[in-house]
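Subject: Structure for you to look at

Hello,

Here is the structure I said I would pass on. My notes follow below.

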Amino acid sequence: MGTPMQARHPAPPMIKRPGPSRRFCVAPMMDWSDRNFRYFARLISRHALLYTEMVTTGAVIHGDRKRFLGYNAEEQPLALQLGGSNAKELATCAALAEEAGFAEVNLNVGCPSDRVQNNLIGACLMAHPELVAEGVRAMMGSSGLPITVKHRIGINGRDSYEELRDFVGVVHEAGCDTFIVHARIAILEGLSPKENRDVPPLRYSVVHQLKADFPQLEIIINGGLTALDCMSEQLRQVDGVMVGREAYHNPYMMADVDKKIFGNESPVPSRLDVLEAMRPYIVRHLAQGGAMNHVTRHMLGLFQGLPGARHFRRQLSSALHQTDQPLALYDTLIDEMSHRLQPRDCPVEQA
Ligand SMILES: Cc1cc2nc3c(=O)[nH]c(=O)nc-3n(C[C@H](O)[C@H](O)[C@H](O)COP(=O)(O)O)c2cc1C
């Protein structure tokens, strides 16, 4: 792999496949990418493919199905991420996902947490390509949805390119054509899940090599992407990008995605439009017995980098807990932010 991939490989052709476009995906993030965040994200980008948090097969089969498979229609296109390795259970869940109207089922082979490892879920499955293949085959048999796999470039003790290539080859033979690759290995002992998202170095060139070796596959790159220009650069070498933390902490970065990544010229709502559009959603959420913070905790970064961002964040996080009139506080905040941002913030402006 010595020489830079960029120089050697021309842009891959756009591959047409049934199912949603994966040019820009918002990553599955436990506790973060819940339905409230996804509704909010969808107001900012019409075309990004959104992923649920990981749901284990056990939770779907034995738990509160309405909770685990529930979403707002507006969130579509939406992919369900499953955690599991039992082929029969995966097949059952993929069928349920299709019935529930998801656009894709994604299998988690990237999570390094001890808790999931003990249940043979997540990144530890990279050591068991045949088991992953069996699961993929079973899901393809039970559901007509696209079945995708999200994985790492390796795990400790199994981090050679050859092992990665074999993993992808075996899973592809089972029928998976789309691989979402977090471009760092996972270290399964001694690092927390959080550290496993920062400590092992990013190696984008490995993902580019995978695309070069499997040009017929759809390869989505993930890990550490923050600037749209860098994403556009990646799209010259792979088929799509997946963004996690940046989309969460700086959600308005998604305002440029429809135009710059999907070539869609439709007008984009301003930050204030988004703030206003969330109000009826919050009202519905409150009427159903939800707490306002369940929704607003995902919105703290909306004004990131702009005047008033700190005030906005503080009001929505701490002040909200000190009032018994949370909606009134929200309305005041809309007014305050609109005064601070006169004239209305421009959708494509960068903070
Ligand atoms: C809070 C949090 C929760 C996560 N939960 C999941 C998960 O449920 N499933 C999964 O495949 N990855 C999960 N991830 C990893 C992300 O999907 C993504 O691979 C990782 O954050 C790297 O992308 P980024 O650098 O763009 O954030 C999580 C990440 C974060 C920050």
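How many residues surround the ligand, and which are the closest? The shell has 23 residues, and the closest are Ala 27, Met 29, Met 54, Gly 244 and Arg 245; a residue counts as near if its C-beta atom, placed from the backbone, lies within 6 Å of the molecule. Strand 2 (49-56) and helix 11 (245-249) are the elements that give two or more residues to this shell. Helices (H or I, at least four residues) and strands (E, at least two) are DSSP runs, numbered from the N terminus.

This is a predicted model, with pLDDT of at least 70 required for local features and 80 or more for side-chain atom pairs, while totals for chains, interfaces and linings use all residues. Residues are numbered from 1 along each chain as its sequence is written.

On the fold: eight strands close into a parallel barrel in the order 1-2-3-4-5-6-7-8, where pairing takes at least two DSSP bridges between two strands. From one strand to the next, the twist averages 25°; axes are lines fitted to C-alpha atoms (for helices, over the stretch in contact), and angles run from 0 to 180 degrees between N-to-C directions. Strand 4 (residues 104-109) runs parallel to strand 5 (residues 147-152), joined by five bridges. Leu 107 has Val 149 in strand 5 as its bridge partner. Helix 5 (residues 87-100) packs on the sheet and touches strand 3 (78-83), strand 4 and strand 5, contact meaning C-beta atoms, placed from the backbone, within 7 Å. The direction of helix 5 makes about 165° with that of strand 3.

Regards

Note on methods: Contact = placed C-beta atoms within 7 Å.
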